[in-house]
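Me: Please take a close look at a single part of this structure and describe its surroundings in one connected account.

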Amino acid sequence: MTSLSAGQKKFVLHWGELGTRWGLNRSVAQIHALLFLSPSPLTAEEVAALLSVARSNVSTSLRELQGWGLVRVVHMMGDRRDHFDTIHDVWEMFTIIVEQRKRREIDPTIAVLRECSMEIDRNTPEDKEARKRIREMLSFFEQATTVYEEFRGLPEALLRQIWKLKGNLKRLFAAS
């Protein structure tokens with residue numbers, strides 16, 4: 001890959017903006033987008049040149065993407081440099097992103113809600129109400145996590161079938 005087409009640039013820029021909304025650094029998301037579009041693994045130098053970003057920024061971003069499990073190092077015959085590739089299966093990619101977000105955001109939130117629930121005194125009406133609300137939120141997060149875990153345990157083929165139901169879920173459950 002020697003340059004990006006207008007459509008590729010637009011995708012990379014948009015993916016970078018989307019990444020910032022998800023709490024990622026823009027460069028990290030743009031590098032992921034570039035690797036996703038690339039027909040073959042790229043070196044860090046190629047990534048830096050294609051995106052016009054500093055090589056040090058690329059190295060840091062690639063390490064972060066490796067930590068997420070989205071990028072892996074690939075070695076090419078006759079080339080001592082590291083090349084980087086990402087998952088190209090959209091389903092697998094989003095499964096990893098959702099799992100990482102759960103681990104990094106939801107799991108710590110559940111832990112804090114549990115701590116808060118235990119630490120709030122029940123001596124005043126305000127404390128009782130605050131504890132009740134925190135416990136309701138904790139219950140919601142725990143139930144959502146349970147549903148997520150159940151779905152995650154289903155075979156991928158079945159999940160893909162459920163996904164294809166789209167707007168027909170209402171009809172499916174209304175029939176029950």
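Reply: His-32 is placed in helix α2; helices (H or I, at least four residues) and strands (E, at least two) are DSSP runs, numbered from the N terminus. The model is predicted: local features need pLDDT of at least 70, side-chain atom pairs count only at pLDDT 80 or more, and totals for chains, interfaces and linings use all residues. Residues are numbered from 1 along each chain as its sequence is written, and side-chain values use heavy atoms, with hydrogens and water left out.

His-32 counts as buried because its relative accessibility is 3%; buried means under 20% relative accessible area, exposed over 50%, and partly exposed in between (1.4 Å probe, protein chains only). Not counting residues up to four places away in sequence, His-32 touches Trp-15, Leu-65, Leu-70, Thr-86 and Met-93, where contact means heavy atoms within 4.5 Å.

Helix α2 lies across β1, β2 and β3 and runs at about 95 degrees to β3; axes are lines fitted to C-alpha atoms, for helices over the stretch in contact, and angles run from 0 to 180 degrees between N-to-C directions. These three strands form an open antiparallel sheet in the order β1-β3-β2; two strands pair if DSSP finds at least two bridges between them. β1 (42-43) and β2 (71-76) are at the edges with a single partner strand each, so one side of each has no neighbour in the sheet.
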